[in-house]
Amino acid sequence: MALEVAWAPALRDNYIWLLHDPESEETVVVDPSEAAPALAATEARGWTITQVWNTHWHPDHTGGNAAIKAATGCAITGPAESGRIPTLDRVVGEGEAAAIGGYEARVLDIPAHTSGHIAFHLPEAAMAFTGDTLFAMGCGRLFEGSAADMFAAMRKLEALPPETRVYCGHEYTQANGRYALVADPENQAIVERMREVDALRERGEATLPTTIALERATNPFMRAASVEELAARRAAKDAF
Ligand code: ZN
Ligand code: FE
């Protein structure tokens with residue numbers, strides 16, 4: 001049976017992703033900024049949280065860890081991040097893996113937004129959780145890493161199978177797309193995508209997940225041809 005995915009809205013524009021394996025009855029919560037929405041959304045589905053996975057230390061991705069663990073006794077897995085996630089039970093990095101039931105989640109080191117940022121890639125489920133590194137038509141701000149780090153992260157993520165569904169940390173797609181239209185004005189794929197994105201947001205619907213194929217076609221940071229171009233686009237976006 002396939003993994004089920006749901007989400008709970010949190011804070012202003014954060015996504016808390018909920019992953020459920022009907023076979024093992026395991027439920028993983030990815031990047032819980034807050035505990036209450038994650039607990040309510042899983043309870044409503046009759047799911048019990050067995051694990052939390054964190055992509056990076058920022059409080060809008062880990063703030064719910066302690067309360068979820070207190071409520072469920074779940075195990076928390078995430079990156080070292082110089083010890084800035086004190087609630088972790090298990091620290092993972094490149095080459096290691098987590099698992100939900102029989103599904104393996106390979107860990108990719110993609111530092112740039114933070115120094116220890118990771119992604120979880122589930123090859124058999126064709127899913128990736130990319131936190132605040134890869135967004136739909138965007139990338140995370142460079143708080144602790146360089147443009148070269150982000151360029152390397154983009155290379156690693158674009159190498160995933162094109163059909164991989166990408167679950168990001170925030171609903172930033174519309175604002176990202178407005179910049180993408182400026183950064184890559186000849187790109188008709190962005191124009192077409194923005195029609196769909198605007199319609200979804202009009203109805204208050206999520207624009208995620210995206211896919212690696214769609215990001216390869218429309219993401220100005222993944223499409224940047226050099227570190228310099230990525231750096232220039234990142235600076236322009238910050239001022240946009
Ligand atoms: Zn962040
Ligand atoms: Fe965030």
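## The metal site

Donors are N, O and S atoms within 2.8 Å of the metal (3.2 Å for Na, K and Ca), and sites may look incomplete because water is not among the atoms. With that in hand, Asp 132 bridges the zinc ion (ligand 1) and the iron ion (ligand 2), which lie 3.2 Å apart. This is a predicted model, in which local features need pLDDT of at least 70, side-chain atom pairs count only at pLDDT 80 or more, and totals for chains, interfaces and linings use all residues. Residues are numbered from 1 along each chain as its sequence is written, ligands are numbered from 1 in the order in which they are written, and side-chain values use heavy atoms, leaving out hydrogens and water.

The zinc ion (ligand 1) is held at 2.2 to 2.3 Å by His 56 (NE2), His 58 (ND1), His 113 (NE2) and Asp 132 (OD). Its 4 donor atoms subtend angles of 87 to 172°, so the arrangement is irregular.

## Where the donors sit

Along the sequence, the spacing of the zinc donors reads H-x1-H-x54-H-x18-D. His 56 and His 113 are both buried, meaning under 20% relative accessible area (1.4 Å probe, protein chains only).

## The sheet

An open sheet of 6 strands runs in the order E1-E2-E3-E4-E5-E6, with mixed pairing; strands are DSSP runs of at least two residues, and two of them pair if DSSP finds at least two bridges between them. Strand E2 (residues 14-21) pairs with strand E3 (residues 26-30) in the antiparallel sense over 5 bridges.

Notes: Tetrahedral: all angles 85-135°; square planar, octahedral: opposite > 155°, others 65-115°. Buried < 20%, exposed > 50% of the residue type's maximum accessible area, 1.4 Å probe, protein only. Helix = DSSP H or I, 4+ residues; strand = E, 2+ residues; numbered from the N terminus.
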